[in-house]
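Here is a short report on one protein model. It covers aromatic contacts, a strand and a nonpolar core.

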Amino acid sequence: QISSKTLRFTNAVTAFEKSAYEIFPNAVRYYKIQNKNSDMALNVAGGSKSDAADIEQYEYSEWDSQKWQFVEVEDGYYKIVNKNSGRVLDINGLSTASGAACIQYTYNGGWNQMWCLEETTDGYYKIINRNSGMVLGMSGNSALEGGLCVQLPDVGDDNQKWLIQVVQ
């Protein structure tokens, strides 16, 4: 069930945020990114603020390490910034390999730190890495707390689909 607070990323994302800014001119929006397979949220492991910290899934507990901001860096591409650390989702080492780790890292403009979003037919989103063309998913199709986030070829599995909801 998708709530009324679910952000629908389309080309209208700018219009959505524009209307939010008209109501709250200085508002910054943060989102929970929740895996369809596990119902768990993306989280920076241990609430780390350091470069190269792992990105995992964890039961949503409203921690700042589970809140993300989408900042458009080029037409249709976003850096996904963690509220707690100020670092962005990154594929480790510019890897284009299946199973490469998703980490957080200081933003440097690399394509491995840029993501586009594609809505699926069931109302979720694929989060696609610009550098590799692969999607964000869970290693081993994990549904456990602490399961690690990786990039994978898009095969349409539920562990590669994400619900994106406004949390602040």
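## Aromatic pairs

Searching the whole structure gives 3 aromatic pairs. Rings of Phe, Tyr and Trp (its six-membered ring) pair if their centres lie within 6.5 Å; planes under 30 degrees apart are stacked, over 60 edge-to-face, and the rest tilted. The ring centres of Y31 and F70 are 5.5 Å apart and their planes stand at 75°, so this pair is edge-to-face. The pair links distant parts of the chain: Y31 lies in strand 1 and F70 in strand 4 (residues 68-74), 39 residues apart. Strands here are DSSP runs of E, at least two residues, numbered from the N terminus.

F70 also pairs edge-to-face with Y78, at 6.2 Å centre to centre and 80° between the planes. Y31, F70 and Y78 form one aromatic cluster. Y31 and F70 are both buried. Buried means under 20% relative accessible area, exposed over 50%, and partly exposed in between (1.4 Å probe, protein chains only). F70 has 4% relative accessibility; Y78 has 8% and also counts as buried.

## Basis of the model

The model is predicted: local features need pLDDT of at least 70, side-chain atom pairs count only at pLDDT 80 or more, and totals for chains, interfaces and linings use all residues. Residues are numbered from 1 along each chain as its sequence is written, and side-chain values use heavy atoms, leaving out hydrogens and water.

## Charges over rings

The charged end of K32 sits over the ring of Y60, 4.8 Å from its centre. K83 lies over the face of Y30, at 4.9 Å from the ring centre. The test asks for NZ of Lys or CZ of Arg within 6 Å of the ring centre and within 35 degrees of the ring normal.

## Strand 12

Strand 12 (residues 162-166) has 5 of its 5 residues buried, so it is largely enclosed by the rest of the structure. W162, I164 and V166 point one way; L163 and Q165 point the other. In a regular strand, side chains alternate between the two faces of the sheet.

Strand 1 (residues 31-35) runs antiparallel to strand 12, joined by 5 bridges. Pairing takes at least two DSSP bridges between strands. Y31 has V166 as its bridge partner in strand 12.

## Nonpolar core

The largest nonpolar core has 24 residues, and L42, L89 and L136 touch the most other members. Strand 12 gives the most to this core, with 3 residues. A core is a set of buried Ala, Val, Leu, Ile, Met, Phe, Trp, Tyr and Cys residues joined through side-chain atoms within 4.5 Å.

Not counting residues up to four places away in sequence, L89 touches residues including L42, I55, W68 and L136. Contact means heavy atoms within 4.5 Å.

Methods. Helix = DSSP H or I, 4+ residues; strand = E, 2+ residues; numbered from the N terminus.
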